[in-house]
Amino acid sequence: MRSNRYGAWEGGPDPLAPPYDVRAAVDEVGAEVLEGGSLRDALRNLLRRGLSGRGGLDDLQARARRMRRDAMRRGQLDGAVTRAQQLLDQALAAERDELSRRDDEAAQFNQAVLDNLPRSTARAVEELRDYQWASEEGRQRYQQILDGLRDEVVEQRFRGLRESLQDPAAQQAVAEMMRDLNALLDRHARGEDTTDQFAEFMRRHGDYFPEQPQTVDELVDALARRAAAGERLMRSLSPQQREELASLMQQALGNGDLAREMGALNDNLRALRPDLAWDRRERMRGEEPLGYGEATGALEEIGELDDLLDQLGQEHPGATLDDVDVEAVERALGRSAADDVRRLQELEREMRRQGWVTRDADGLTLSPKALRRLGGTALNRVFADLTGGRRGQHDLRDAGAAGEVTGASRPWEYGDEQPLDVVRTVTRAVARGGAGVPVSLAVEDFEVVETERRASAAVALCVDLSFSMVSEGRWGPMKQTALALSHLVATRFPQDALQIIGFGRSAAPLSQAELAAIEPDYEQGTNLHDALRQAGRHLRKHPEAEPVVLVVTDGEPTAHVDEDGYPVFMWPPTRETITATVQEVDRLTRYGATLNLFMLGEDAGLRRFVDAVAQRSGGRVFTPSSDDLGAYVVSDYIRARRGRRGARAA
């Protein structure tokens, strides 16, 4: 029998993982918006937590932060200086031990040299450059100081070169490679086409670059990050430590081609990638002293994690998941984290492809298609609270283009815009021509659906956007109500003209998209005067329609528009504000508009004001709870337009 072994899938994204339900993602966003959340925040939160709370950016950021904390605790950055001091102490101890066995004049002279060495490690190393060592062990230890540091510096910039620096010829070859590299980077910085030169460079020196970069930009990116880590190491040391390490590095590299080309390379990389954190300081903690290579490696890792945290944060304007470097995620956080990012990128792309979201300069936003779905969700919530049979029907019957289907049909006539009755059309064709396929259609076969024409209404829904609506938890119900009514009009009463008007210190018309995306304005003021002015303009644009004005507010008017068109706010409300608002109420009443007010809360001043307005205009006052607001407004809209039509017919 064949034995089978089972384990975690390692061939890419899990082929058995369920695909993202894009509609579910849109509904998650919609639910947050209908609870009063910001549209952009809701879209951002979807990506931050992941669909259904799985594999979002927040989890990846938390992992990256933990890794950064671990890297910061790896050890002390001054290990290169400490190691040089230790090697120097070992070399001097071995030399003194050897000199103690001798009693000649040369030994006494050497002892005097050692006794008078500077306390600075770098200066002591420099003064011992031409020293004639009596101890072979001491000489070797001393040589390790500069050779080891030189090897670590070059190894840190060019992976895998440690073994190439053991003889002068190899060092000269590295210097030649860096000379060619600097020439390539000079041309690249001038904007010249370096395709052929890069290919030739990689052909000659590709063995020095095990990463095998495919472009000059990839080469620059890898080298610049390492060079920036070296610069950050120097910045992170104390002034004395920095001086010591700089002097030791200068001695290690010497004054030849290697040092010159290394300096030129640093300048080129810094000019090409000024965005890297070249001058930032880090305060690492830990007990172990880190050598130059270990310290710069830790700083390079920290720098890459910082870049990754910035990408995952998506805080900069126009941020997109395509900004996230998936390969960097995989290097830092592993394969599963990279797969999570790929899935989120695919979700965002799929939402765009299917038309649920669009991207503008500020980031993602819901498309009209998604807003219709959001409005439908809001309306379904409202209807869940309503009872009774069919609403919004009318007595005036005719074959019109817009209206409810009656169930009857009639032969098509030129100019008809009613929907085609497909079943009856095909049935007539079969009856005329006999059974069989294909069915041959003639003009006389077509039938159209009879519809019930409905009277139109011009509706202005004025919604309070003042700070108190947010602080009292009424922002979400207000949004849900306005979106539900907007969707009802668009889908059930398309011949009606709805205008949503938001008012705070001033008033402004709101589209469905603007309504979904609107965020609280913390400026004080309830300018019902301006809202009613704009409602009147909307009604007068539709003189043949039933005029309906619905006002949702939780505070008495505290602002009005002065003669110069500027909003004026005063608390407590002034006579001027109340008078200006009542004048607009009177204008709407004379125009014949139904004016109903939905009062949220138990503000005594608001109660007196709305009761007076209702008595003056013949309208009604409702005091629903926040949860019942949508049901009240939608139900009253249907009742108002039906009642007014009936009154006119009578």
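Visitor: What volume does the second largest pocket have?
Guide: The second largest pocket has a volume of about 380 Å³. A pocket here is an open set of points on a 1 Å grid over the protein atoms alone, with protein on both sides within 12 Å along at least five of seven lines. Grid points are joined across faces, edges and corners, and a volume is the space filled by probe spheres set on the points.

Visitor: Which residues that line it are the closest to its centre?
Guide: S466, S468, T526, G555 and W571, out of 19 residues that line the second largest pocket. Lining residues have an atom within 4 Å of a point.

Visitor: How do the residues of that lining divide?
Guide: Into 4 nonpolar, 8 polar and 7 charged. Ala, Val, Leu, Ile, Met, Phe, Trp, Tyr, Cys and Pro count as nonpolar, Asp, Glu, Lys and Arg as charged, and the others, Gly among them, as polar.

Visitor: Before we go on, what kind of model is this?
Guide: This is a predicted model: local features need pLDDT of at least 70, side-chain atom pairs count only at pLDDT 80 or more, and totals for chains, interfaces and linings use all residues. Residues are numbered from 1 along each chain as its sequence is written, and side-chain values use heavy atoms, with hydrogens and water left out.

Visitor: How much space lies in the largest pocket?
Guide: About 630 Å³. It is lined by 22 residues, and E218, D221, A222, R225 and R331 are the closest to its centre.

Visitor: Which elements give two or more residues to that lining?
Guide: α10 (216-236), α13 (292-313) and α14 (326-333). The largest share, 7 residues, comes from α13. Helices are DSSP runs (H or I, at least four residues), strands are runs of E (at least two), and both are numbered from the N terminus.

Visitor: And how do the lining residues of the largest pocket divide?
Guide: There are 6 nonpolar, 3 polar and 13 charged.

Visitor: Which residues line the largest cavity?
Guide: Among them are A80, V81, R83, A84 and L87. L245 and L248 also line the largest cavity. α4 (79-100), α7 (136-157) and α11 (239-253) each supply at least two lining residues. α4 gives the most, with 5 residues. By class, the lining has 9 nonpolar, 1 polar and 2 charged residues.

Visitor: What lines the second largest cavity?
Guide: V26, D27, G30, A31, A370, R373, L374 and T377. Its volume is about 30 Å³. α1 and α16 (368-384) each supply at least two of the lining residues.

Visitor: Tell me about α1. Which of its residues are buried?
Guide: V22, A25, V26, V29, G30, V33 and L34. Buried means under 20% relative accessible area, exposed over 50%, and partly exposed in between (1.4 Å probe, protein chains only).

Visitor: What span should α1 have?
Guide: Helix α1 covers residues 22-34, and its 13 residues should span 18 Å at 1.5 Å a residue. The expected span is 1.5 Å times one less than the number of residues. The end C-alpha atoms of α1 are 18 Å apart, which agrees.

Visitor: On to strands. Which sense do β5 and β6 pair in?
Guide: Parallel, over 7 bridges. Two strands pair if DSSP finds at least two bridges between them. L461 has I500 of β6 as its bridge partner.

Visitor: And β6 with β7, parallel or antiparallel?
Guide: Antiparallel, over 4 bridges. A hairpin of 3 residues joins β6 to β7. F503 stands opposite A507 in β7.

Visitor: How many residues of β6 are buried?
Guide: 5 of its 7 residues, and β6 spans residues 497-503.

Visitor: What about D530, buried or exposed?
Guide: D530 is buried, with a relative accessible area of 7%. D530 is found in helix α21 (residues 528-540).

Visitor: What does D530 touch?
Guide: S506, A507 and V561, not counting residues up to four places away in sequence. Contact means heavy atoms within 4.5 Å.

Conventions. On a 1 Å grid over the protein atoms alone, a cavity is a set of points where a 1.4 Å probe fits but cannot get out, and a pocket is an open set with protein on both sides within 12 Å along at least five of seven lines; lining residues have an atom within 4 Å of a point.
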